[in-house]
4 protein chains.
Amino acid sequence: MAGNTFGKLFKITTWGESHGLSIGVIVDGVPAGLPLSEADVQHELDRRRPGQSILATPRRERDQVEILSGIFQGKTLGTPICMLVRNIDVDSKPYEEIKTKPRPGHADLAYWLKFGHTDYRGGGRASARETVGRVAAGAIAKKLLAAHGIEILGHTVEAAGVAVGRDVKSEKIRKNVERNPMRCADPKVADRMKQAVLQASADGNSTGGIVEVRALNVPSGLGEPVFDKLDAEIAHALMSMGSVKGVEIGSGFKAVKMLGSEMNDPLTLRGRRIMSATNNAGGILGGISTGMPIVARIAVKPTPSITKPQRTVDITRMKEVEIKLKGRFDPNICPRIVPVAEAMLALVLADHMLRSGKVNPNRFK
Amino acid sequence: MAGNTFGKLFKITTWGESHGLSIGVIVDGVPAGLPLSEADVQHELDRRRPGQSILATPRRERDQVEILSGIFQGKTLGTPICMLVRNIDVDSKPYEEIKTKPRPGHADLAYWLKFGHTDYRGGGRASARETVGRVAAGAIAKKLLAAHGIEILGHTVEAAGVAVGRDVKSEKIRKNVERNPMRCADPKVADRMKQAVLQASADGNSTGGIVEVRALNVPSGLGEPVFDKLDAEIAHALMSMGSVKGVEIGSGFKAVKMLGSEMNDPLTLRGRRIMSATNNAGGILGGISTGMPIVARIAVKPTPSITKPQRTVDITRMKEVEIKLKGRFDPNICPRIVPVAEAMLALVLADHMLRSGKVNPNRFK
Amino acid sequence: MAGNTFGKLFKITTWGESHGLSIGVIVDGVPAGLPLSEADVQHELDRRRPGQSILATPRRERDQVEILSGIFQGKTLGTPICMLVRNIDVDSKPYEEIKTKPRPGHADLAYWLKFGHTDYRGGGRASARETVGRVAAGAIAKKLLAAHGIEILGHTVEAAGVAVGRDVKSEKIRKNVERNPMRCADPKVADRMKQAVLQASADGNSTGGIVEVRALNVPSGLGEPVFDKLDAEIAHALMSMGSVKGVEIGSGFKAVKMLGSEMNDPLTLRGRRIMSATNNAGGILGGISTGMPIVARIAVKPTPSITKPQRTVDITRMKEVEIKLKGRFDPNICPRIVPVAEAMLALVLADHMLRSGKVNPNRFK
Amino acid sequence: MAGNTFGKLFKITTWGESHGLSIGVIVDGVPAGLPLSEADVQHELDRRRPGQSILATPRRERDQVEILSGIFQGKTLGTPICMLVRNIDVDSKPYEEIKTKPRPGHADLAYWLKFGHTDYRGGGRASARETVGRVAAGAIAKKLLAAHGIEILGHTVEAAGVAVGRDVKSEKIRKNVERNPMRCADPKVADRMKQAVLQASADGNSTGGIVEVRALNVPSGLGEPVFDKLDAEIAHALMSMGSVKGVEIGSGFKAVKMLGSEMNDPLTLRGRRIMSATNNAGGILGGISTGMPIVARIAVKPTPSITKPQRTVDITRMKEVEIKLKGRFDPNICPRIVPVAEAMLALVLADHMLRSGKVNPNRFK
């Protein structure tokens, strides 16, 4: 199987296991001449890095990125950009004990059934650590989008049963999301989320939530019906993240209970531009961007790693057994999923900006 | 843009506008030697055909399929199978009036912004009629899957605010879904759905719902992390259908409020086979099938065509106007979306059966 | 296997067997707004049609194209264009006799080994008739290229051992190539080619040759190193044609005996434009177009169908046997390969014009 | 542009500039469980390494490979294998002088026209150094093929006008090719080649040649008509290498002058296996492998780097100038192209072994 490449013109390929030597990504298709430094990428990696708060795994990784190719004199060359992060704080001991006992809710069993031979240490390739490459690549995508006026925002809208209201102003996201460990746009709700997360965690349990990502100032005309629709590729991108069990665009599952007259966004004129009065469509109709903000949400399941005892099967002895996990986990993954979801949305949009001819694929101007 | 191809080894390419001469699909990658007749395909096309009940558009299309290539002596050749359906009952008159007035909730504006030149008659390429090709191709995928013991089931689980319970037995789907116009597994709920749909329709309005698709007896090991995960490609496939605003796998958005200890499916032995006691994962972990049933649900928005007056913009005069639609619509699209969603799931699985080496790509045995 | 699609943004998918109902192509990725009629396509199909002279198979096909989708009011819609040609003059009788006796030099045995079940009538999918779809699609590519000033020329430079000189002026190709049955730019050489072809044919034998294609006025910057180089994709395209056993660019195999000082094209200024004084590179360096004419040549093997007796194996009886073919053949395929080679070059260039952002993928301007 | 990925199921992505920090490749799609060590890869890298003889550039690179991912306990994991080689002996000084003066026969001008911003040091991405990634990936492909009994052989058949006979026995290639600096199967011809190469080199000039690659024991049935034919993909692969101006399969350009009765390979029985008495087809008919040896040859142009004075244009001053190169060059690249051509053939075949279901894509058995 060769499923580690994403995108058509803005194309990324990631590699790396959680406890291997390193982890990284090649980004191919970035136009030449885009100013880019390691600091641009490091900034985003620092946002997803573990060990940032009591809400994240205590694994200590500096996640220092090295750019190995594709840059010359501070600018992209139009050639592949290889970025590498070393794995440093690797503790494989807790995994020895469970190497024949697949953890419920994890990919352990599925990898074993598929590949026979697996790297059980820290989840191997199925670890959340795999997202380092996504975030590093996303940083370049974001930079390219920003140069065309497009902004990507992400925030936690629900965690451990505590939710913000549905229509959060972008201004509040920009202002608050990096100021609290939940990456919630409302500081008070963030506090309640945190309490709920810690309470479950104290009980050896974990919680899930909903993360929303938005793209502002996206031009109309992105998306390629009937199969490579913009929403279809966003769904693909977001569902490819670990722990995501659902994706919705605009009103999403709420649309199910609406009437056509409520759901249809009336068209209006704002100056010479055709806009919609509401945005139930989430900025996409017929699989094509309309110029309205693109809004997507993902259902994040509770972190599968919990310290409560769980039933599983020893695959060498083929016997039912009980396990109690001892590794290092995030009690709630939403805050760390925010930059990853932003990265995935940015990657889809950068690709479509190239594919629809809005960005010159050879040279950045 | 060239977005009309789906799949990697089992690959389909569709074409056709709602009011053009014909509509169809090429299916490339079907192994040689699979018995296949027009009747196999016609059966599925008849399920999605319009005009089947008062719940569907009265457009009268026989949707008779012609297979133009790829079959010899009743068996596939391993070469592309081209299937064509003529458009017969074409009434473009109602669309003349609104050709410069994009219908809210439809793709009209998005196509116009992207392409400049569009076929406004019946929605053109963005019409639900486009799904003829998907269903015809899906019929072949289903046949290939059935030969390997895999069964695809679909049903309406919610419509116009009326829902069945969450865990419908597959037996009830097989038995009831073709016996009521809602394609609901519970005949009594189907009646209530129908009443609710007709009530909104009588008021010139439309309704949405939720459709579920399942795949039974899927082998473990399908799916290609980290980007071409099985769930990511299912999400892509289902979100590429018109009117779909959300996709979820297994517990989906319900997982958001669960604890890890509730969500994680405990592993057990059934004979020599490792199964999970519950199926919150929906048959997929780490992007790979586990051998448990695959379960996906989609959020279907209310049909955007309604007869109530709506606000829009005349794009030639650049002036806000009101429109009242007169065409032929489905008041609720869920029943007709069932076979399309089944087709999309079947296409993804047939492709992955080939990609994972479970089916010989050259010859059917 | 699913190998019937070519191109990334300008993407074609062909289908059809020689003696099936019809043959055709879908062209996906043509920008909206390009004026296009059936006559545009028919013109090219008429050039490759059988039965044009005593040098071609007497099979009588009108090869009338029907455009089934993607066009509205005389212009492309940006949606897939499906084009279909019916097979009419089908005579499968001669093939009954040899259906278990693969013809040497043909694909019969290879298809049987791969697929088990094959359509032996007229070569099935491996027939030269398959190129109908390529030529129809190429007609659209040519039209798009012409609108950007790019011209495609093809001609026979060698046949049955008779060759024109290496550096034929483009003016002579334009003037003479449709005036003689060999499609040779030099009428006198054409006569000698014809005599040589007929002489071998009278003896029940066949001959090969070399066809050259050129693209004039191609902008610099097309091609995507290091694997999707322009020359690599041209080689792929041309080698995918039946009967082609070699491809060369610029000086090609002649370069093998040259010194670096002879091969390197010196750079000079013509006005403000950098050109090369010679064109040994054939318009491509490092896999990227330089702005000089693109020149490629293909080695066409002698038509495998000959009436001389040949040794083969009866695959059901597994016994060596002798066969004598009776079908309808081209004694030399070069003249009919000219429009196909032109089409393939046009398809690669149209795709790269889109991929390099020189053509807007959404709208033709 | 994103052209740095090759293959569909056995997929490689390369990166790196000649004078950048490092160069490397990701190989995605290798089945799990294949024994693999750095030594396996190093062996092939050592064959292409510079500085091996007076016939190669004196640049001193150890080309030590590090495998960063995809291996665990000495076996592949089924996950991407990232391999990296540091650039050590980088001397960029000679390139400063010519950075605005594109070298004739090199990619300098083409890159500048395409990208605007280029890395002029050592040819940047267009350097032959880019093939490190190809050869490293090819080593894995060869290992997978060898496990299925397939052998890849390469040798120089012509250099500087000196050629071996056309039908070299495989035994002679195996025995002699690593014993002389020309990688020629005939030691006496190798000596004459070497003299001719050195003679031109002494005069500040360079020479070209022909390299042949073969694959023995390839199963029938590989290749996907009509566009992804095996020969078409081999042509793509080989033409994507720097300095290659032509590709031929089997009799290649020699077929042009043959009669059908000479070219067609008669079919015979060897035991229960159908073989051909001759192999003009080069093991491929109709784009599908027949089971006979696959034979391809490439035309290698004379190395573009020569020390004779050459005419070019200063692109900042837009003035014609003369340059005299001072870097480190291979006077004839054929010997070092042999392992690269072998690698490319191995990559195509490994991909097709997976695509045709001959190798399980999940697990090596």
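Helices (H or I, at least four residues) and strands (E, at least two) are runs assigned by DSSP and numbered from the N terminus. The views below come from a predicted model, in which local features need pLDDT of at least 70, side-chain atom pairs count only at pLDDT 80 or more, and totals for chains, interfaces and linings use all residues. Residues are numbered from 1 along each chain as its sequence is written, while chains are lettered from A and ligands numbered from 1 in the order in which they are written.

View 1. Helix 3 covers residues 108-115 of chain A, and 8 of its 8 residues are buried, so the helix is largely enclosed by the rest of the structure. A residue counts as buried if 20 or more other C-beta atoms lie within 10 Å of its own, as exposed if 12 or fewer do, and as partly exposed in between; the C-beta atoms are placed from the backbone. Among the buried residues are A:Asp108, A:Tyr111, A:Trp112 and A:Lys114. The buried residues of this helix pack against elements of chain B, namely strand 12 (267-270), strand 13 (273-276), strand 14 (284-285) and strand 15 (288-289). After helix 3 of chain A comes A:Gly116, with a positive phi near 75°.

**View 2. Chain A as a whole.** Chain A contains 9 helices and 18 strands. The C-alpha trace of chain A spans about 70 × 50 × 40 Å along its principal axes. A compact globule of 365 residues would have a radius of gyration near 21 Å, and chain A agrees with this at 21 Å. The radius is taken over C-alpha atoms, and the globule rule is 2.2 Å times the number of residues to the power 0.38. Of the 365 residues in chain A, 69% are buried. Two residues are in contact if their C-beta atoms, placed from the backbone, lie within 7 Å. Among contacts in chain A between residues at least 6 apart in sequence, 71% join residues at least 24 apart.

**View 3. The five-stranded sheet of chain A.** This open sheet of 5 strands has the order 1-2-3-7-4, with antiparallel pairing. Its edge strands, strand 1 (5-6) and strand 4 (65-67) of chain A, each pair on one side only. Two strands pair if DSSP finds at least two bridges between them. Strand 2 (residues 11-16) and strand 3 (residues 22-28) of chain A run antiparallel, with 6 bridges. A:Trp15 has A:Gly24 in strand 3 of chain A as its bridge partner. Helix 4 (residues 131-147) of chain A packs on the sheet, where it touches strand 2, strand 3, strand 4 and strand 7 (81-86) of chain A, and its direction makes about 35° with that of strand 3 of chain A. Such axes are lines fitted to C-alpha atoms, for helices over the stretch in contact, and angles run from 0 to 180 degrees between N-to-C directions.

**View 4. A hairpin in chain A.** Strand 17 (residues 310-314) and strand 18 (residues 319-323) of chain A pair in the antiparallel sense over 5 bridges. A:Val313 is placed opposite A:Glu320 in strand 18 of chain A. The two strands form a hairpin with 4 residues between them, and A:Met318 in the turn has a positive phi of about 50°.

**View 5. The contact between chains A and B.** Here 89 residues of chain B are in contact with 89 residues of chain A. On the side of chain B that touches chain A, helix 7 (residues 230-239) of chain B gives the most, with 6 residues. That side of chain B divides into 40 nonpolar, 30 polar and 19 charged residues. Ala, Val, Leu, Ile, Met, Phe, Trp, Tyr, Cys and Pro count as nonpolar, Asp, Glu, Lys and Arg as charged, and the others, Gly among them, as polar. Strand 11 (residues 244-249) of chain A pairs with strand 11 (residues 244-249) of chain B in the antiparallel sense over 3 bridges, and A:Gly246 stands opposite B:Glu248.
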